Amino acid sequence: MNSLTASTYNPDDLSAAFVKLYGGTEDSVQVYSSPARINIIGEHIDYNGGTVFPAAINRYIYVAIRKRNDAKIIYDDVRFPGRYEFSINDNFVYDKKNDYTNYLNGILSQLKERGCSFPFGFEVLIVSNLPAGGGISSSSALECGFAYAVSETFGFNIDRVEIAKLGQMSEHKFMNVNCGIMDQFIISTGKKNTAIVLDCNTLKYDYVPLELGDYRFVVMNTNKQRRLADSKYNERRTECETALKILQDSGVKVSALCELTPDAWEKAKSSITDPVIQKRAKHCVYENQRVADAVTALKAGNLEKLGKLLDESHKSLKEDYEVTGIELDTLAEEAQKQKGCLGARMTGAGFGGCGIALVHKDSVEAFVENVQKAYTEKIGYAAGFFACESGDGVSHYKG
């Protein structure tokens, strides 16, 4: 990932690889795609009742699937070969030794909880063109792509919003990660050439044309591996819940932090005496306002304003929410210095993973070269970069 493009696998080769592994014929294999996402702005507020502004991008996980005539389930991966076998009749539980298949079994556990019936097992071959653990939501792409593939294969016909909810419930109940729904939602419902403005309280959403003219989003991968479940994600969520309870106990009538406007927050904040808890809440309130301002800026074609909001978001995530770290700070701050860059911020949960920068297409090559040089000198290893465009949500790709 040291160039402008992510390492790619041609998904048209996946059916043949499936047949080589499992036998049969290619016409019996169905292939589904599931995108990565960037969150343009609105970080760590999806679980605080905020409005977020994500877009699916044109980097995908592909899931090839075929029913079997017995109860066996077989999983394998093109890039990381290794067979995992289960039975569709198993009582699925999380087990660390099952690695990525926990995400898949978590979906199956939720489908069974919904009353979905599986008369047969199935076999799956997966390939990803996403950086693993890179902060563009590879785990949610895997969950939602698999859920959609299974739903279509077995005729469950689960709609896209429900696919997103399945992914979230799998995280909550199976993976023990108390995540919001933004990642799963955009991955399930995204459309090319748009972003989605999503109210995480109500799940009301609108598509907004993503018209960037001569600018592109460049994804900047720290190449620092981190797992969301192992990060301080749940700690931040608890801190926000604490802030909300203090506000409610002091008489502020809100059911989520992001219901507060900045003006209302400034009047109410003195009831939170713990400076750390106060900073966490401040980020949520002001980040939610930045989302509204970003949507307005994009609709007006004011990309300079959008870029400034990206910079402000990163500063808040660094200083008030404290989820960045030296790697993400180096990427964002070096990016912000570059010619042709309107703004940059971390995206995703933080603690590693990715940042995004809004860069003029004619400046991308020099931008990558300069940020890479500064990053490598400071961190000691290279970052990864790729320019991206918007993409479609979970889809039937082939077969």
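## Strand β2 and its partners

Seven antiparallel bridges tie β2 to strand β5 (residues 122-128), and one of the pairs puts Y62 of β2 across from V127 in β5. A quick word on terms: strands here are DSSP runs of E with at least two residues, numbered from the N terminus, and two strands count as paired if DSSP finds at least two bridges between them. Keep in mind that this is a predicted model, where local features need pLDDT of at least 70, side-chain atom pairs count only at pLDDT 80 or more, and totals for chains, interfaces and linings use all residues. Residues are numbered from 1 along each chain as its sequence is written, and side-chain values use heavy atoms, with hydrogens and water left out.

β2 itself spans residues 51-67 and is mostly covered, with 14 of its 17 residues buried (buried means under 20% relative accessible area, exposed over 50%, partly exposed in between, with a 1.4 Å probe and protein chains only). Strand β1 (residues 30-41) also runs antiparallel to β2, over 10 bridges, and Y32 has V63 in β2 as its bridge partner. Then there is strand β6 (residues 194-199), which pairs with β2 in the antiparallel sense over two bridges; here T51 stands opposite D199 in β6.

## Strand β3 and the hairpin

Five of the six residues of strand β3 (residues 72-77) are buried, so the rest of the structure largely encloses this strand. A hairpin of six residues leads from β3 to β4.

Look for D77 and its bridge partner I126 in β5.

## Two buried side chains with polar contacts

R37 sits in strand β1 and is buried, at a relative accessible area of 2%. Its side chain makes a polar contact of 2.6 Å with the side chain of D183. (A polar contact is a pair of N or O atoms within 3.5 Å; within protein, one must be able to donate a hydrogen and the other to accept it, and residues adjacent in sequence count only if both atoms are side-chain atoms.)

Over in strand β6 you'll find T194, which is buried too, with a relative accessible area of 15%. A polar atom of the T194 side chain lies 2.7 Å from the backbone oxygen of K191.

## The nonpolar cores

A nonpolar core is a set of buried Ala, Val, Leu, Ile, Met, Phe, Trp, Tyr and Cys residues joined through side-chain atoms within 4.5 Å. The largest one has 104 residues, and I40, F53, Y75, L108 and F122 touch the most other members. A second, separate core holds 16 residues, among them M220, L331, A344 and A383.

## The second largest pocket

The second largest pocket holds about 200 Å³ of space. Of its 14 lining residues, L210, L212, C388, E389 and S390 are the closest to the centre. (On a 1 Å grid over the protein atoms alone, a pocket is an open set of points where a 1.4 Å probe fits, with protein on both sides within 12 Å along at least five of seven lines; lining residues have an atom within 4 Å of a point.) The volume is the space filled by probe spheres set on the points.

Strand β8 (residues 215-221) gives the most to this lining, with three residues. By type, the lining splits into seven nonpolar, three polar and four charged residues (Asp, Glu, Lys and Arg count as charged, Ala, Val, Leu, Ile, Met, Phe, Trp, Tyr, Cys and Pro as nonpolar, and the others, Gly among them, as polar).

Notes:
Helix = DSSP H or I, 4+ residues; strand = E, 2+ residues; numbered from the N terminus.
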